[in-house]
Amino acid sequence: LTHFHPKQEFLGKKVLITSGPTQEALDPVRFISNHSSGKMGAALADSFASQGAEVHLILGKGAKKPQHASIQIHSVTSAAEMYEAAANLHPQADIAVFAAAVADYAPKHVAEEKIKKAGEAMTIELVKNVDIAYSLGKEKRHHQIHVGFALETENEEFHAKEKLGKKNFDLIVLNSMREEGAGFQKDTNKVRIFSEDGSEANSEVLPKEKIAGLILERIKKLPVKI
Ligand code: CTP
Ligand code: CA
């Protein structure tokens with residue numbers, strides 16, 4: 001065998017993935033954002049697609065694009081746009097994975113013209129963005145599977161499990177902050193995956209493609225929802 005053909009275990013499944021950073025405009029030339037690379041989301045999209053799923057990837061600006069030609073990409077900029085795209089696709093989705101690093105707050109006012117430099121200090125008023133995973137978690141129907149991510153710097157397990165419950169996830173993937181080979185811009189990651197039923201899986205430092213494979217394995221182990 002010269003080619004590896006993964007089993008088509010997600011054949012016919014519709015998968016929605018949010019990925020990458022959001023950008024929240026301040027004026028026509030400036031925005032608030034974060035260092036998310038979208039590498040984990042791209043790896044997940046490719047894993048699902050290679051196992052037969054119909055993948056819709058909602059992608060923030062500058063986020064890594066997947067390889068698989070069948071993946072449908074929906075490009076967005078702000079959290080509000082990401083929410084709109086996700087909410088439109090969600091009713092049809094069998095699986096939703098919230099891998100995006102959504103900005104928690106956005107400038108209250110977006111200036112129409114470039115903001116001019118003025119005094120020695122300035123204050124920007126921010127307002128909370130919609131929580132995409134939480135909002136769609138409330139809409140989740142019985143057959144749908146939701147997977148979330150968490151990155152914490154203290155009380156990691158407690159905060160991750162709290163988010164699992166609050167956002168109605170079936171699984172949450174906790175990114176390790178303490179490891180050399182784990183993080184936002186890296187090609188590798190080390191994770192703990194907590195299930196809604198209390199079980200847990202841990203990984204070594206692995207390429208994000210392998211981490212994606214592990215996440216798919218955990219999804220397959222979830223009780224069948226009919
Ligand atoms: N998330 C989302 N929409 C937001 C914020 C977060 O969909 N506005 C999703 C993320 O994609 C991730 C999960 O929620 O799957 C947890 O994100 P995180 O930033 O860790 O959680 P927050 O609820 O924003 O809490 P905090 O940043 O205060 O830790
Ligand atoms: Ca957040």
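Author: UniProt positions follow the numbering used here, and such annotations may be inferred rather than shown by experiment. The model is predicted. For "binding site", an unreviewed UniProt entry lists Asp104, Lys114, Phe149, Lys163 and Lys167. These residues are spread over 64 residues of sequence, and also in space, up to 37.7 Å between C-alpha atoms.

Two of the listed residues may be examined in turn. Lys114 lies in the loop between strand 7 (105-107) and strand 8 (126-128). Within 10 Å, Lys114 has 11 other C-beta atoms; a residue with 12 or fewer is classed as exposed, and Lys114 is therefore exposed. When residues up to four places away in sequence are not counted, Lys114 touches Asp27, Pro28 and Val29.

Phe149 belongs to strand 9, which comprises residues 145-151. Phe149 has 23 C-beta neighbours inside 10 Å; because the threshold for a buried residue is 20 or more, Phe149 counts as buried. Apart from neighbours within four places in sequence, Phe149 is in contact with Phe98, Ala99, Ile172, Val173 and Asn175.

Strand 9 also contains Ile145. With 19 other C-beta atoms within 10 Å, Ile145 is partly exposed. The contacts of Ile145, leaving aside neighbours within four places in sequence, are Asp94, Ile95, Asp170, Ile219 and Leu222. Ile145 and Phe158 stand 13 residues apart in sequence, and their C-alpha atoms are 22 Å apart in space.

Definitions and conventions:
Residues are numbered from 1 along each chain as its sequence is written. Chains are lettered from A and ligands numbered from 1 in the order in which they are written. This is a predicted model: local features need pLDDT of at least 70, side-chain atom pairs count only at pLDDT 80 or more; totals for chains, interfaces and linings use all residues. Helices (H or I, at least four residues) and strands (E, at least two) are DSSP runs, numbered from the N terminus. Two residues are in contact if their C-beta atoms, placed from the backbone, lie within 7 Å.
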